[in-house]
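Please examine the sequence and the three-dimensional structure shown below. The paragraphs that follow lead through selected parts of the chain, one after another.

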Amino acid sequence: MSAHFDAVKIGIVSVSDRASSGVYVDKGLPALKDWLTRALHNPITFEERLIPDEQAGISSALIDLVDAGCCLVLTTGGTGPALRDVTPEATLAVAHKEMPGFGEQMRQISLKFVPTAILSRQVAVIRGQSLILNLPGQPKAIAETLEGLKNEGGESIVPGIFAAIPYCIDLIGGPYLETDPAVCKAFRPKNALRAV
């Protein structure tokens, strides 16, 4: 079945001083892999990084993942207001273009659950032909922001950010991402749809 779908390389980065030093087990990387594997029909190669909250190290990891051919790089952790939270600064430092709509929408989704969502500083940028996105740190919040909110009937109430990601990657010259509509239905204009 996967022969019809473009192979994709996705970078996933968990930013945490404590998890990277072994104080506790990282939950960000497994949560990202689980969600992406369920959401995409494409065969995926994951490039994983578990790194401390160091701005230069985060920027360096993002550049390495883009250079390695990742069309999409997702980070988790380090986006709050605490002194050690520097993921947004590290991400903006490697940007060719900013994509503010993603951060705005993530905060809108999270505000449905917690008033402290306004403390989150997630950003999204384009570097070359790659989209880099900062996601929340908690696995439940990762899924909510990617997938959006649905009512009891399974209809979308608030769109998740992933619905816009495949078309964004089309526009920057990346592979054609095909989502499973049961998890997250990608939106593309009719003229951008590909028969699979």
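**A guided reading of the model**

Glu144 counts as buried, because its relative accessibility is 15%, and the limit for a buried residue is under 20%. This value, like every other one in this text, comes from a predicted model. The salt-bridge partner of Glu144 is Lys140, with 2.6 Å between N and O. Elsewhere, salt bridges with shared partners connect Lys9, Glu47 and Arg49 in one network.

Why are Asp34 and Arg38 separated by about one helical turn? The reason is that they are four residues apart in helix 2, residues 28–39. Asp34 is partly exposed, with a relative accessible area of 44%, and Arg38 is also partly exposed, at 39%.

The model contains 10 salt bridges in total. One of them links distant parts of the chain, for Asp6 lies in the segment before strand 1 (8–15) and Arg194 in the segment after helix 7, 188 residues apart. The closest N and O atoms of Asp6 and Arg194 are 3.3 Å apart. Asp6 is partly exposed, with a relative accessible area of 25%, and Arg194 is partly exposed as well, with 40%.

The segment after helix 7 also holds Arg188. Is Arg188 buried or exposed? It counts as buried, because its relative accessibility is 8%. The side chain of Arg188 makes a polar contact with the side chain of Asp170, at 2.6 Å. A polar atom of the Arg188 side chain also lies 3.0 Å from the backbone oxygen of Leu177. When residues up to four places away in sequence are not counted, Arg188 touches Pro166, Tyr167, Asp170, Tyr176, Leu177 and Leu193.

Thr179 is likewise placed in the segment after helix 7, a helix that covers residues 165–171. Thr179 is buried, with a relative accessible area of 6%. Which backbone atoms does its side chain approach? The side chain of Thr179 reaches the backbone oxygen of Cys184 at 2.8 Å, and one of its polar atoms lies 3.1 Å from the backbone nitrogen of Ala186. The residues that Thr179 touches, leaving aside those up to four places away in sequence, include Ala39, Leu40, His41 and Phe162. Pro166 is among the residues touched by Thr179, and Pro166 is also touched by Arg188.

The next topic is the strands. Strands of a sheet pair through backbone hydrogen bonds, and the pairing is either parallel or antiparallel. In this model, six strands form an open sheet with mixed pairing, in the order 2-1-3-6-5-4. Strand 2 (44–51) and strand 4 (97–98) are the edge strands, each of which pairs on one side only. Strand 4 runs antiparallel to strand 5 (residues 124–127), and two bridges join them. Within this part of the sheet, Lys97 stands opposite Ile126 of strand 5.

Another antiparallel pair consists of strand 7 (residues 148–150) and strand 8 (residues 156–159), joined by three bridges. How many residues lie between strand 7 and strand 8? The two strands form a hairpin with five residues between them, and Gly154 in the turn has a positive phi of about 85°. Lys150 has Ser156 of strand 8 as its bridge partner.

The last stop is on the surface. A nonpolar patch is formed there by Leu111, Ile118 and Leu119, which together have about 280 Å² of accessible area. Leu111 is located in helix 5, residues 100–111. With a relative accessibility of 34%, Leu111 counts as partly exposed.

Note on methods: Residues numbered from 1 in each chain as written. Predicted model: local features only at pLDDT ≥ 70, side-chain atom pairs only at ≥ 80, totals over all residues. Heavy atoms only, no water. Buried < 20%, exposed > 50% of the residue type's maximum accessible area, 1.4 Å probe, protein only. Polar contact = N/O pair within 3.5 Å; in protein donor to acceptor, adjacent residues only side chain to side chain. Contact = heavy atoms within 4.5 Å. Patch = residues over 30% accessible without salt bridge, like charges linked within 9 Å, V, L, I, M, F, W, Y side chains within 5 Å. Areas by Shrake-Rupley, 256 points an atom, 1.4 Å probe, with all protein chains shown as cover. Salt bridge = Lys/Arg side-chain N within 4 Å of Asp/Glu carboxyl O. Pairing = 2+ DSSP bridges.
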